[in-house]
Amino acid sequence: MKKTVLITGGNSGLGLHSAEQMAARGAEVLIGCRDRTRGQAAVAHIKNLHPQARVRLFALDLSDLAQVRGAARRLRDDIGELDVLINNAGTVPTRQQFTADGYEMQFGVNYLAPVLFTHLLLPLLRQAPSARILHVASVAHWLGRINSRTWRGRFPYLVMDAYGQSKLGNILFSNVLAQRLAREGITSNALHPGGVDTGIFRHVPDPLRRLIRPTLITPEKAALLPVSMALDEDFIGVTGGYFDARGRARRSPRARDTELAARLYDETMALLELTPLAAPQPTRVPG
């Protein structure tokens, strides 16, 4: 059965190559991006490579929660079900920036908005058999600490601390979803695609970018992992994992902390004014 896949940030880099590879395999691909011109170019690129590709564009600005809500509402009106959601879009500004809602940009775009978007699309995911949710995280989550005092701004702003927190948040959110959606048959997994030579490094100073670039892999190669996790039978029923190109990957102690995950999730739901998913009840052992 052909699957419907939605990928955020699908207009460039890892997202574009993932979208192209999934379309080549017959999936219907919805690309979410902020820049309509670049998004249209991405759709044209994919259709030029694969004339029969089913690929569509929709507007999504993760730096504005009102626009995230609007995009989710339009999607719920437009499609009947969603087989795979890939939360891929991200940003790494080297100077502190803020979202429309006043959050530090990396916390807001990389973590908070995807949590909102995922929750708002759950009705579509629930309509699909064996739906999958993927979160593009990073090995940089090892640097992350969850600190609510930095969510509205960091003083001083340390780019990798902010990035690490947002990526740790991605994994903790994935873990919570895996636990709380298990009975519904929806899986949730996080992944580290590798150090990918993409536009996410556009904010990095040129000398540092020239130093980093030789260690990076191409987005074409990096896309193999999320595409496999989205479409391959090997991942049917697999949930709560964290993967890299070699298979299951090590998570930091904080990324394995279930109490931290639950606490962050509850605080995030309060920020977004959403009703939390119910936690599974402990299984009673017969006496």
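Which residues do ring pairs link into a cluster? In this predicted model, the cluster consists of Tyr103, Phe107, Tyr111 and Trp151, joined through ring pairs.

The model contains an open sheet of eight strands with mixed pairing, in the order β3-β2-β1-β4-β5-β6-β7-β8. Its edge strands are β3 (54–59) and β8 (247–248), each of which pairs on one side only. Within this sheet, strand β5 (residues 132–136) runs parallel to strand β6 (residues 187–191), and the two are joined by five bridges; in β6, Ala190 is the bridge partner of His135. Helix α4 (residues 105–126) packs on the sheet, where it touches β1 (4–8), β3, β4 (84–87) and β5, and its direction makes about 175 degrees with that of β4. Helix α8 (residues 224–231), in turn, lies across β1, β4, β5, β6 and β7 (242–244) and runs at about 165 degrees to β5.

Strand β5 is mostly covered, with five of its five residues buried. In a regular strand, side chains alternate between the two faces of the sheet. The chain passes from β4 through α4 to β5 in a β-α-β crossover that is right-handed. Towards β6, Val136 stands opposite Leu191, and the chain crosses from β5 through helix α5 (residues 159–180) to β6, again in a right-handed β-α-β crossover.

Helix α5 includes Asn170, which counts as buried because its relative accessibility is 6%, under the 20% limit. The side chain of Asn170 makes a polar contact of 2.9 Å with the side chain of Lys167. When residues up to four places away in sequence are not counted, Asn170 touches Asn110, Tyr111, His135, Val136 and Ala137.

A search of the whole structure finds six aromatic pairs. In one of them, the ring centres of Tyr103 and Phe107 are 5.9 Å apart and the ring planes stand at 45 degrees, so the pair is tilted. Tyr103 counts as buried at 6% relative accessibility, and Phe107 likewise counts as buried, at 2%. Phe173 and Tyr265 form an aromatic pair that is stacked, with 6.4 Å from centre to centre and 20 degrees between the planes. Because Phe173 lies in helix α5 and Tyr265 in helix α9 (residues 258–272), this pair ties together parts that are 92 residues apart in sequence. Both partners are buried, Phe173 with a relative accessible area of 4% and Tyr265 with a relative accessible area of 2%.

Terms used: Residues are numbered from 1 along each chain as its sequence is written. This is a predicted model: local features need pLDDT of at least 70, side-chain atom pairs count only at pLDDT 80 or more; totals for chains, interfaces and linings use all residues. Side-chain values use heavy atoms; hydrogens and water are left out. Two strands pair if DSSP finds at least two bridges between them. Helices (H or I, at least four residues) and strands (E, at least two) are DSSP runs, numbered from the N terminus. Contact means heavy atoms within 4.5 Å. Axes are lines fitted to C-alpha atoms, for helices over the stretch in contact, and angles run from 0 to 180 degrees between N-to-C directions. Buried means under 20% relative accessible area, exposed over 50%, partly exposed in between (1.4 Å probe, protein chains only). A crossover is right-handed if, with the strands pointing away from the viewer, the path from the first strand over the helix to the second runs clockwise. A polar contact is a pair of N or O atoms within 3.5 Å; within protein, one must be able to donate a hydrogen and the other to accept it, and residues adjacent in sequence count only if both atoms are side-chain atoms. Rings of Phe, Tyr and Trp (its six-membered ring) pair if their centres lie within 6.5 Å; planes under 30 degrees apart count as stacked, over 60 as edge-to-face and the rest as tilted.
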